[in-house]
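Here is a short briefing to read alongside the sequence and the 3D view.

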Amino acid sequence: MKWTAILIAIILLTSCKKHSVDKFYNIKGQILESSSNPIPVTNYTLTFYQKASAGLLGGVSGLDARTKTDNDGKFNFQYYPNKNYGFSTGGTNPNTITIEGIDTIKYRGLYPEWHPVPSLVDTNLNILYLYKKIQILVRKVQFNNSLNTGEILEVITPDSSGSSHKTLTGPIPNGTIIIVDTIKDCKLSIFNLSSNEYNLSATLKKPSYQKDFSIILTKGDEVFREILMIY
């Protein structure tokens, strides 16, 4: 009975709140292909996603909407907050927004993402690049431990075109540095708007062993870069 009375009181209090007046917010910007090829990305579909904000008696829905860039690569997305569900009313959703790009024709296989975009505030993102391109990416592994005879070490670096896999087979003595391979036109397309950086992840893997690396890269295309992974 006690909990029932409390629940009824909460419902009455929340139902008596005045609904806030709907106000729409803008997220705008311009998509260019890359810093070394700054052409507008036109008629490009963007998805705006925001996770719902849940509460005890309900919550506030998030976003899952789309818009397209114009002939100059510009977009202006408008959204309304305060879409409540359950018994709660008048709430807002503070969760950040993620923008994702979708194109299965010209930029097929490229899945750009820009995050986090603040919610409940008008935001001008100015110029965004579809990807960061590294013309020549050299992958190296430094062996501080020996790779035994017959052991196979996987070298994995995901990029926007998929994952680049290579295997190294032992024996490889400690103290050895091996050039694994050279990747041409590597594209990175997940951009952190807060830190203004890209993240290139890399993994060394074998049975019962995995080591992950996070290589932080600044905005702007590059002609050449080496990455070194330590085993």
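The protein chain exposes about 13,000 Å², and carbon and sulfur atoms supply 54% of that area. Please keep in mind that this is a predicted model. The chain has 231 residues, of which 39% are buried. Its secondary structure consists of one helix and 19 strands. If we take the contacts between residues at least 6 apart in sequence, 68% of them join residues at least 24 apart.

**Salt bridges**

- Let us begin with charge: side chains of opposite charge can pair when their charged atoms come close.
- How many salt bridges does the structure hold? There are five.
- One of them joins Arg139 to Asp181, with the closest N and O atoms 2.8 Å apart. Arg139 belongs to strand 12 (residues 132–142) and Asp181 to strand 15 (residues 177–188), so this pair ties together parts that lie 42 residues apart in sequence.
- Are the two partners buried or exposed? Arg139 is buried, at a relative accessible area of 0%, and Asp181 is buried too, at 17%.
- Another salt bridge runs between Glu226 and Lys140, where the closest N and O atoms are 3.3 Å apart. This pair links distant parts of the chain, since Glu226 is in strand 19 and Lys140 in strand 12, 86 residues apart.
- Glu226 has 42% relative accessibility and therefore counts as partly exposed, whereas Lys140 is buried, with a relative accessible area of 18%.
- Arg225 and Glu222 also form a salt bridge, and their closest N and O atoms are 2.8 Å apart. Arg225 is partly exposed, with a relative accessible area of 25%, while Glu222 is buried at 15%.

**Aromatic pairs and a cluster**

- Searching the whole structure turns up nine aromatic pairs.
- Among them is the pair of Tyr44 and Tyr107, which is edge-to-face, with 6.0 Å from centre to centre and 85° between the planes. Tyr44 sits in the loop between strand 2 (37–40) and strand 3 (45–50), and Tyr107 in the loop between strand 9 (97–102) and strand 10 (113–117), so the pair ties together parts that are 63 residues apart in sequence.
- Although they lie in loops, both Tyr44 and Tyr107 are buried.
- Phe191 and Tyr198 make a tilted aromatic pair, at 4.8 Å centre to centre and 50° between the planes. Both of these residues, Phe191 and Tyr198, are buried.
- One aromatic cluster is formed by Tyr25, Phe48, Phe75, Phe77 and Tyr79.

**Charges over rings**

- Tyr25, a member of that cluster, has the charged end of Lys23 over its ring, 4.3 Å from the ring centre.
- What lies over the face of Tyr209? Lys206 does, at 5.9 Å from the ring centre.

**A nonpolar surface patch**

- Ile136, Val223 and Phe224 together form a nonpolar patch on the surface, with about 270 Å² of accessible area between them.
- Why does Val223 count as exposed? Its relative accessibility is 55%, and the cut-off for exposed is over 50%.

**A loop residue, Ser61**

- Where does Ser61 lie? You will find Ser61 in the loop between strand 5 (58–60) and strand 6 (63–68).
- With 27% relative accessibility, Ser61 counts as partly exposed.
- Ser61 and Gln50 are 11 residues apart along the chain, and their C-alpha atoms are separated by 8.5 Å.

Key:
Residues are numbered from 1 along each chain as its sequence is written. This is a predicted model: local features need pLDDT of at least 70, side-chain atom pairs count only at pLDDT 80 or more; totals for chains, interfaces and linings use all residues. Side-chain values use heavy atoms; hydrogens and water are left out. Patches are made of residues with over 30% relative accessible area and no salt bridge: like charges are joined within 9 Å, nonpolar side chains (Val, Leu, Ile, Met, Phe, Trp, Tyr) within 5 Å. Accessible areas come from the Shrake-Rupley method with a 1.4 Å probe; for residues, only the protein chains shown count as cover. A salt bridge is a side-chain nitrogen of Lys or Arg within 4 Å of a carboxyl oxygen of Asp or Glu. Buried means under 20% relative accessible area, exposed over 50%, partly exposed in between (1.4 Å probe, protein chains only). Rings of Phe, Tyr and Trp (its six-membered ring) pair if their centres lie within 6.5 Å; planes under 30 degrees apart count as stacked, over 60 as edge-to-face and the rest as tilted. Helices (H or I, at least four residues) and strands (E, at least two) are DSSP runs, numbered from the N terminus. A charge sits over a ring if NZ of Lys or CZ of Arg is within 6 Å of the ring centre and within 35 degrees of the ring normal. Contact means heavy atoms within 4.5 Å.
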